[in-house]
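Open your viewer and get ready to click along. We will go from one selection to the next and look at what is there.

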Amino acid sequence: MIALLALGVGSSASGAISLAFPVDSVFAGPTRLNLGNSLTFDFTVDGTGNVTVNATTTSANADSIATVNGWDGSAGTVSDAALFGTSFTLTVAGERRNDAGTVFDAVGISGDGLQSGGTIGIFGQNASVIDGATLPNGNIERIVFSLSSGAVAATLDEFTFTGNGNSDPTVTSDSTSVNYFNNGVGAVNTSADGLSFASGGFLRFEVLDEEGAGDPAEGYRLNSLTFDITSVPEPSSALLSGLALVGLMMRRRR
């Protein structure tokens, strides 16, 4: 019976994908783009492991649509055949806390071409930045990533951001939260920090209240992300048969 059940244990498959958010420099400061309250990234893995992405926005603005469409194309590769011919979807939401309460309202995601070739942030305290912790009511802002389809899990390997010497990004998954204090500008290696999420989970980029006290310029702009993608094996027919056999034997012993 143990041998039969073992046949149903699948192996995980992994591969890295990257997302960047380039915005033309003409859309900067007062002319920054409102990319809508949500973005969708549909990933497709071909028969040899090449990954492409199709990005869409809820915005009806032509410049916003054209900018997000410019993010389409190659997104990485995977090496394990378990992921070949599959697809998955990553959704991104902009949120702002409602007056230090427990309610988060949907808010526009901004696209700004001022720094580092393009960044995304949240409309609010600074319309190009993820911030809000220093407002009188603590209206903190966040960008939330979730896997809305596909039998995969994602682990954040790296993110790059633009800020200042006191920028305090906080990254939170459904099981882990990590504060990256005073990172300034550049890449942050997160591969060992356990920031993983699967379908039904989340990954948030935010600045928390306690980190904003006395630091009015603590916000940051998100430049790019790199994820490790792992397949989530579905029960095989052998495993299902094994479970059925266990159930049959238990019934016979009653």
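Which backbone nitrogen does the side chain of D131 reach? Select D131 and look for N126: the side chain of D131 reaches the backbone nitrogen of N126 at 3.3 Å. That is a polar contact (a pair of N or O atoms within 3.5 Å; within protein, one must be able to donate a hydrogen and the other to accept it, and residues adjacent in sequence count only if both atoms are side-chain atoms).

Before you go on, note that this is a predicted model, in which local features need pLDDT of at least 70 and side-chain atom pairs count only at pLDDT 80 or more, while totals for chains, interfaces and linings use all residues. Residues are numbered from 1 along each chain as its sequence is written, and side-chain values use heavy atoms, with hydrogens and water left out.

**Stop 1: around D131**

Keep D131 selected. D131 belongs to the loop between β9 (119–122) and β10 (141–149); strands (E, at least two residues) and helices (H or I, at least four) are DSSP runs, numbered from the N terminus. D131 has a relative accessible area of 4%, so it is buried. Buried means under 20% relative accessible area, exposed over 50%, and partly exposed in between (1.4 Å probe, protein chains only).

**Stop 2: N139**

Next, select N139, which is also in the loop between β9 and β10. Is N139 buried or exposed? With a relative accessible area of 12%, N139 is buried. A polar atom of its side chain lies 2.9 Å from the backbone oxygen of R97. The side chains of N139 and D99 are joined by a polar contact of 3.2 Å. Leaving out residues up to four places away in sequence, N139 touches several others, among them R96, A100, D131 and G132; contact means heavy atoms within 4.5 Å.

**Stop 3: the nonpolar core**

Now select F41, F43, F145, F159, F205 and F227. These touch the most other members of the largest nonpolar core, which has 51 residues. Strand β11 (residues 152–162) gives this core its largest share, five residues. A nonpolar core is a set of buried Ala, Val, Leu, Ile, Met, Phe, Trp, Tyr and Cys residues joined through side-chain atoms within 4.5 Å. In soluble globular proteins, nonpolar side chains tend to be buried together.

**Stop 4: rings in pairs**

How many aromatic pairs are there? The count comes to 11, where rings of Phe, Tyr and Trp (its six-membered ring) pair if their centres lie within 6.5 Å; planes under 30 degrees apart count as stacked, over 60 as edge-to-face and the rest as tilted. Select F21 and F41: their ring centres are 6.4 Å apart and their planes are at 65 degrees, so the pair is edge-to-face. This pair links distant parts of the chain, with F21 in the loop between β1 (14–20) and β2 (33–34) and F41 in strand β3 (residues 38–45). F41 is buried, with a relative accessible area of 1%.

Then move to F145 and F205, an edge-to-face pair with 5.8 Å centre to centre and 75 degrees between the planes. F145 is in strand β10 and F205 in strand β16 (residues 203–206), 60 residues apart. Both F145 and F205 are buried. To finish, select the aromatic cluster that includes F145, F159, Y180 and F227.
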